[in-house]
Amino acid sequence: MTKNLRVKTSKFIDETYRISFKFNGKIYYGFKGDTLASALLANNIHLVGRSFKYHRPRGIMTAGSEEPNAIVQLHNKTARTEPNVRATEVEIYEGLEASSQNCWPSVNFDIGGINNFLSPFLPAGFYYKTFMWPASFWEKYEYFIRKSAGLGKSPTKSDPDIYEHKYIHCDVLVIGSGISGIMAAKTAAKNGLKTLLVEEKPNLGGSTIYQKSEIFKINNQFSGSWLENEINELKKLKNLEIKIRTTVAAFHGYNFLLARQNLTDHLPIEHRKGKIRHRLLKIRAKKVVSATGSIERPLIFDNNDRPGILLSSAIKRYVDLFGVACGEKNIFLTNNDTAYETAISLIQKGINVEAIIDNRENIDSKLLYDLEKNNVKIYKGFTVVGTEGYKKINKILVMQLSKDGQRVVGSKIKLSCDCLGVSGGWTPAVHLFTQSGGKLKFRDDDQIFIPSNYPSEQICIGSCNGDFTLNDIFINVPKSLKKFLKIKKTEYENFEILSEINKSKRNIWLLPSDKILGKTKSFVDYQNDATSKDIKLALREGFRSIEHVKRYTTTGMGTDQGKLGNMHALGIISETAGTKMGELGTTTFRPPYTPLTFGTIVGRNVGEYFDTFRKTPIHEWHISNNAKFENVGQWKRPWYYPKNNEDMYQAVQRESKAARDSAGILDASTLGKIDIQGTDASEFLNRVYTNAWSKLAVNRCRYGLMLNEDGMVYDDGVTTRLAENHYIMTTTTGGAANVMGKLEDYLQTEWPELDVYLTSVTDHYSTISVCGPNSKKIVSKIFADLDFSDEKFPHMSFKNTKIGQINCRIMRISFTGEHSYEINVQANYGKSIWEKCMEVGKDFNITPYGTETMHLLRAEKGFIIVGQDTDGSMTPIDLQMDWIVSKKKYDFIGKRSLYRSDTIREDRKQLVGLLTDNPEEVLEEGAQIIANVKKTPIEMLGHVTSSYYSPNLKKSIALGVVKGGKKMMGQKLIVPMENKLINVTISDPVFLDKENKKLNA
Amino acid sequence: MFLINCPFCGEREQSEFKAGGEAHIVRPKQPTELSDDEWAEYLFMRKNIKGIQFERWNHVHGCRKWFNIVRDTSNDEIKVVYKMGTKPPIK
Amino acid sequence: MKNRYSIFSLIKNAFSHHENWQKAWKDPSPKKEYDALIIGGGGHGLATAYYLAKKHNMKNIAVLEKGWIGGGNTGRNTTIIRSNYLWDASARLYDHALKIWEGLTQELNYNIMFSQRGVMNLAHNLQDVRDLKRRTHANRLNGIDAIYLNTEEIKKFCPIINTSPNIRYPVLGGTLQKRAGTARHDAVAWGYARGADEMGVDIIQNCEVKGIKRENNEVKGIETTKGFIKTKKIGVVAAGHSSVIANMVDLKLPLESKPLQALVSEPVKPIIDTVIMSNAVHAYVSQSDKGELVIGAGTDDYISYSQKGSHDIVEGTLNAILELYPIFSRMKMLRQWGGIVDICPDASPIISKTSIKGLYFNCGWGTGGFKATPGSGDLFAHTIANDEPHKLNAAFNINRFVSGDLVDEHGAAAVAH
């Protein structure tokens, strides 16, 4: 039944290479070089999909990325499925499977088509006015609205393809390889500039490359032949890189552009494995030449959306480039000469053109005379007022336009056809230009917006700059290029140009009809079913700005982003509201130019590469010893080391007990380490920590608390004085980078007079903490030469030593309250020292512990964890750490903020210990603390910040913050859980060894 | 994505830098002498200018140096870059 | 209401081809004087005018809008509505708003499509878990619906989330507020505009404020591109441009205006039936009634009024989206855009009197202002009408930056140890 409409061999199509593909389950054939659209048209298939709102049958309308209607789902139900793909952009390959979207059960018989009959009740914005009663039903209404909305289907499997990014730096980027782009690229490259030419389509040459007609000649050659030679020469140039199938998606400030290079979408699925699907090019160009061309405008009349109605330029592209006729009885509706060009192409190929309906009355065009000679009937000053044919156009209704073009007069003429080409003139593709911040001006002559001023080093040339004819291009493009590239001459001067096209145009945004507007369906946005009457309704209801109208009617919000209809929407608003087009402005063109695959944007940053993975030099040992890991910032830290099917609780109980009873070992390498040197190092520490540092002796350590300038606790850690002017500061794991940044900031910008140098050495050292009553025995076995006596190596002191040839820094500091040592060695020796500790410690049951046990042990001692027991709203006073806040120091970061009226209040939340009445009951971290149970809202006094079962104290312990808690020692409070109330008593936050006996043991 | 001309390293991608807000807000030398209002003015209150703004940037993934930029915040055009501690070259 | 919307009015109008619909709001020229002027015709400004007229009987008022109503952050956000905030003051403020949302369609006789499909917040590390549990407990005691879900429950509620324990930042748990959801942002602005207009409020578009006239530290009127307008009370609801207005009267605010970006995918059939937010990996996503995935990105770190942000932010957000929803890899970004968000140091708003008599500011909503629209309008109207705050917005005064009583909603997100 399907006819073959392949009419003529085209050199762009390889007819020796037949390709089979499936559309809606049926097998069809096309040739290499075909798009899905051209192959379907060759098989006489126009009906491809259904529209968004009214489910009207829709066909292929264009031959490019501006296509609103012919969008399909590829490879439905497979991992490579993709929704909303434009048939006009898919290059066919063996095994391609495409199906229609937004229709059920099929595109030919779609239940949703009923919406077309309900359309009188579904004007623009109808949903704002209804579905309000009864109120509780909205959810149910919405369920059906959602189900009927959407176009294709989301994939449901993981993407098997890979993507990548590439940075490109060039002198000149040329976007578009039409005649202007080729001229620009060749000129730039020949002048020694590193040039990149990108083209969206698989072949170069734009719409000129297939011009083989007497009406367009360059130096007596067909313009297409001339351009072909130019391209052949261009390809030989050294400075030039050409990327086809590459669409510039976004043009950002500072000439930063994103382009998607499509590498495998045109290949059979089985050839894609292991290959990169898309490459996202991140381009920094010194200069950008936009030669992005223009998009033909449709015309707005009743039932202008039927399958079989195409842009005239698309019909030309299909016949000239693909050798496919879109119909056998062609009629055109136009307001300018473009349709005539197409008609001539068709006739050249022996395809029947019945008539041309031209809005213009007086036409002095050579093309017209040529056509009349070929017996094409030209209706001058006429228009189409309607069409017939549900799934494919079969008739048009034609009437004469009044002199002013506002009405139709006379009687209706019915003409039959199977294809209607429409041409409403051209719209420059200025999307990228405006994305970059460029402003447009309106050219009244042909009612177009063209670039006005350039916000960066860039120009627009050719038809995107309003130069539509060969004459204009050969006058303006060389001129622009010379100025922009600062060169004296181009190759394109004094050419002999023949261009028979007549520039006259009769622009009528909304063509008049014999029906009242309310009875017409003249589509402005095809995909979203926004009609001219919707736009007029919006205006009637007070929506005046183009943005309002766009949002109210959804014009321009489909997957084509209004590439076809936006200008008509503006035109209709302008005419209706009586505002000049130039004053109305356009809606903002937002990136991307055409939809950009998420995977392309993400590139390789998936899976384990989603974020940097930081691991300590001892990581491998932790893995081989069955550690479970916790993410802390970008670090993987051992969380606990389960043995023999222990759960976390059991492992942590065992680890905690071992650390206190004998010996524990912790990989503390993730702690931030900042090397601080300079004659003012002590003064610097005085200013950044709350306590005083000048008097700290060399080889001694001190705990410091760092505040934000707003007085809230920011970070903490132990700092050691290695020499008179040399300190090593420890920070929290998660805070390291921020602390470093903050210190640099103060040093460079507030206190540049200080002689201080900061170096981050976090990654340079492995840090191993050995704690417990037997820790001394272990470390003294490893460092046999060192005197570990309390007199020589007291708590909070430091020694430099060696193990073999390896330098070691040992600090006797403790975060557990146990006697403990921290060994710092050059990172790559970390694992061997760790193993050494394990080996020596075997006799003492040395037990590796992770962050969870560390948390428990320090909580027993009432040590805080910044970020867990503090939340950016706690001062050191709130933490009952007044002892660390120097009263004597004149100033330190955050000091002033501690004395504001609300930071000195006594009823602020303060850190306390919490003991449950039932010692077996462990509180939930994050649980709230209250005094009385009343009806909601219940006043909350604070919350539990840390909570554990302590195996050493054999009871549950917790830290929390409570309003005025400092003065509530011994008071009973309640922790209300969802299903029970837990009674707690406020206690000192130090639960174990208040006298610090263990530290000094 | 700006291109920022670090006064120490030359032109680099914005992603190497971190913005640090309004420039030339000097930390009071004697904070304890200030009223709560005056301290809040230093700590929190900002001009937040639309138009020509003097601001601080840090080449955090480069030389780590802080420096100043004059930028038009209405269109993000960078006018001048100058080193910390020097007077702004334009008004 | 002279022009009541319903299925019946829709059918009735269908027979006259929808040619008899009235203007949703008029297009008046400004009068010489008003009892109060609202600067900013976004959702918050229009809601303020609506409640001034409705609850405080102030009908001789006008809203001045530089561009077109709802054209700023109201029309640029990802439409998430929730009230599960940590601190009492915030929770009560946002829940006040949420309660108004629940009846707003009927109140305005305008379907704002408030869809209570729930909002889920995910935890990706142990501190996230503690923070979310803390918030859940606090919400419950404040009478706000909130439940904590473990990983399996999350998977059950939203099956497309990748809950594998082997991903870079596995989902460890999360919270769910079922009353939360989304609404149609434009409709909120339009619905309030229509309601306010109906009560006599003048909505004046394309009217830019050029200066504020003061005498003896008292406001006297506004200089605009449509001439001088006299008034004694000015409510500034200019979002990203708040500082621009404040600078006109030499008032400094604790604000920075930064780019915030968002994007939508092409529309597809229903695939996500809730809103999912993840702070740790920075991704939030929902699906609009039209079928688009609506994805919010983060803010840039520099001040800008250009309504553009950097590509790195968008890339980072989509990285996170594919981490959590690998099935979206072949989905396509249809549109991206930027807004200007005014952020306070404590990530909480200001709804407050100022040191100038008759001048009120409602600003600092940062990335989360849309959800508060009705509550913000209601409380700001109260503050303007009574020259003192309502108890629900008392904590959100400007003076908190002086006294130190911040409502620090992002401090809780510290990562350390």
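## Salt bridges between the chains

A salt bridge is taken here as a side-chain nitrogen of Lys or Arg within 4 Å of a carboxyl oxygen of Asp or Glu, and by that criterion six salt bridges are counted between chain A and chain B. One of them joins the side chains of Asp36(B) and Arg896(A), with an N to O distance of 2.6 Å.

## Basis of the values

This is a predicted model, in which local features need pLDDT of at least 70 and side-chain atom pairs count only at pLDDT 80 or more, whereas totals for chains, interfaces and linings use all residues. Residues are numbered from 1 along each chain as its sequence is written, chains are lettered from A and ligands numbered from 1 in the order in which they are written, and side-chain values use heavy atoms, with hydrogens and water left out.

## Extent of the interface

Chain A and chain B each contribute 27 residues to the contact (heavy atoms within 4.5 Å). The two chains bury about 2,300 Å² between them, 47% of it on carbon and sulfur atoms, where buried area is the accessible area (1.4 Å probe) lost on being put together, summed over both parts. In chain A, the residues that lose the most area to chain B are Tyr254(A), Tyr890(A) and Arg896(A), which together account for 32% of what that side buries.

## Composition of the chain A side

By class, the side of chain A that touches chain B has ten nonpolar, seven polar and ten charged residues, with Ala, Val, Leu, Ile, Met, Phe, Trp, Tyr, Cys and Pro counted as nonpolar, Asp, Glu, Lys and Arg as charged, and the others, Gly among them, as polar.
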